[in-house]
Amino acid sequence: VSFLIPECGIQPEVLKSTIADVGEYYLVRNLLVHELVTHEFIDAFVKKGSCYALTYNTRIDQDNTAALLPNGKLILSVDKDTYEELGLQGRPSRYSGKKVMRYIITIDLTDSGFHPDSKKHNRVLWALKEKKPLEFDFLLAWYNTGAEGSTLMSYFSKNQIRALKPKITFSTLRDLQCPVLQSNELQGKPEESCSTEELFEWLGAVVNQVSLDNKSSSFLSTYCCPQPNTIVEKAFLCTITGFIIPEKIIQLLEQLCCYFEEPKLAHWLTLTVHGFADSPVSWRESEHGFHKGGENFYNFVIFRNLDYWLQMAVGANDDCPP
């Protein structure tokens, strides 16, 4: 997650305090997937909040991967051999090519038929525990609204579990060239405002610290800020890296919108959220592939009057966002 505030008129310490609570997450080593389908886990976490899990350091185009979504669905993306050994119902990957080498298995942990001692539950548990045990390092996070009960740290105390906090970096950009934007002009107007596409490209250059001055001596970039533009004396850029859940992103978005209340110096600000390149899903439950890149991210441009633009981007092996 990263956000940029041009014409930042308040102290960085104030902004830092607003993003201090982005939440911690957990890294669990050598966790067997069947532990996520036990009814102890489902009752403690899946049914009492939003539980998120994603395999760590696995490659979607080569390895078996898994993700637990907050709606209670466990998604497995597995190779052909693993799929045949598991014997669970799935579907061919959309990005396998003519010869199917990858399959997607979806297990709904909240299905009414997935209760203890049901044939469906016993079949899944047997496949993942006895037939083909799958073991991964997992990133885990849980969001609940005051429900009492176990915590992930105590529940997985027998495993090698570690609490992590997102890495936060801040930088102040001086004399930054910024495009002029009008919230009601998506396509921009000659000599009046820039388009959404121009803003998107400019933002990528700023976040990656690409020079905007188009020097002929530069071997890296001849990019320059789109016209019309203005020089901003000071802009604030923050990047948060980690396993950040949507509920925390919504909180951050709301806090950033409060920035416009006082002082009203910035005309607009941006919030960009990148998904994991090797996640088996991207938008909702849509399958995610890699091909040459695993891009899947979105960007909010929020204006002083609280109008906003929402830009979404995906890689070649991905469904269009909803």
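This is a predicted model: local features need pLDDT of at least 70, side-chain atom pairs count only at pLDDT 80 or more; totals for chains, interfaces and linings use all residues.

Of the contacts in the protein chain with a separation of 6 or more, 70% are between residues 24 or more positions apart, where contact means heavy atoms within 4.5 Å. Residues are numbered from 1 along each chain as its sequence is written, and side-chain values use heavy atoms, with hydrogens and water left out.

Of its 322 residues, 48% count as buried, and here buried is under 20% relative accessible area, exposed is over 50%, and partly exposed is in between, with a 1.4 Å probe and protein chains only. The chain exposes about 16900 Å², and carbon and sulfur atoms supply 49% of that area, computed by the Shrake-Rupley method with a 1.4 Å probe, where for residues only the protein chains shown count as cover.

Let me turn to the domains. The chain is divided into domain 1, which takes in 2-22 + 166-313, and domain 2, which covers 25-164; these bounds come from an automatic or database domain assignment. The C-alpha centres of domain 1 and domain 2 are 33 Å apart, and 19 residues of domain 1 are in contact with 27 residues of domain 2. About 1900 Å² is buried between domain 1 and domain 2, with carbon and sulfur atoms giving 68% of it; buried area is the accessible area, with a 1.4 Å probe, that two parts lose on being put together, summed over both. Which residues supply more of the area that domain 1 buries against domain 2 than any other three? They are F243, P280 and E287, which together supply 39% of that area.

Between domain 1 and domain 2 the count is two salt bridges, a salt bridge being a side-chain nitrogen of Lys or Arg within 4 Å of a carboxyl oxygen of Asp or Glu. E287 forms a salt bridge with R91, and the closest N and O atoms of the pair are 3.4 Å apart. E287 lies in the loop between β12 (268-274) and β13 (296-303), whereas R91 is in strand β6 (residues 91-92), so the pair ties together parts that are 196 residues apart in sequence. E287 is buried at 5% relative accessibility, while R91 is partly exposed, with a relative accessible area of 34%.

The structure as a whole holds 10 salt bridges. Among them is the one between K120 and D111, whose closest N and O atoms are 2.7 Å apart; K120 is partly exposed at 41% relative accessibility, and D111 is partly exposed at 26%. Another joins the side chains of D43 and K47, at 3.6 Å from N to O, with D43 partly exposed at 37% and K47 exposed at 52%.

Now for the backbone. Most residues other than glycine have a negative phi, and most peptide bonds are trans. Which bond joins Q227 and P228? A cis peptide bond joins them, with omega about -5°, and P228 lies in the loop between α6 (196-207) and β11 (229-241). D117, although not a glycine, has a positive phi of about 70°; D117 is in the loop between β7 (102-108) and α4 (119-131) and is exposed, with a relative accessible area of 69%. E191, also not a glycine, has a positive phi of about 65°, sits in the loop between β10 (167-179) and α6, and is exposed at 78% relative accessibility.

Lastly, the surface. Y308, L310 and M312 make a nonpolar patch of about 300 Å², and patches are made of residues with over 30% relative accessible area and no salt bridge, like charges being joined within 9 Å and nonpolar side chains (Val, Leu, Ile, Met, Phe, Trp, Tyr) within 5 Å. L310 is found in strand β14, residues 308-314, and is partly exposed at 39%.

Technical notes: Helices (H or I, at least four residues) and strands (E, at least two) are DSSP runs, numbered from the N terminus.
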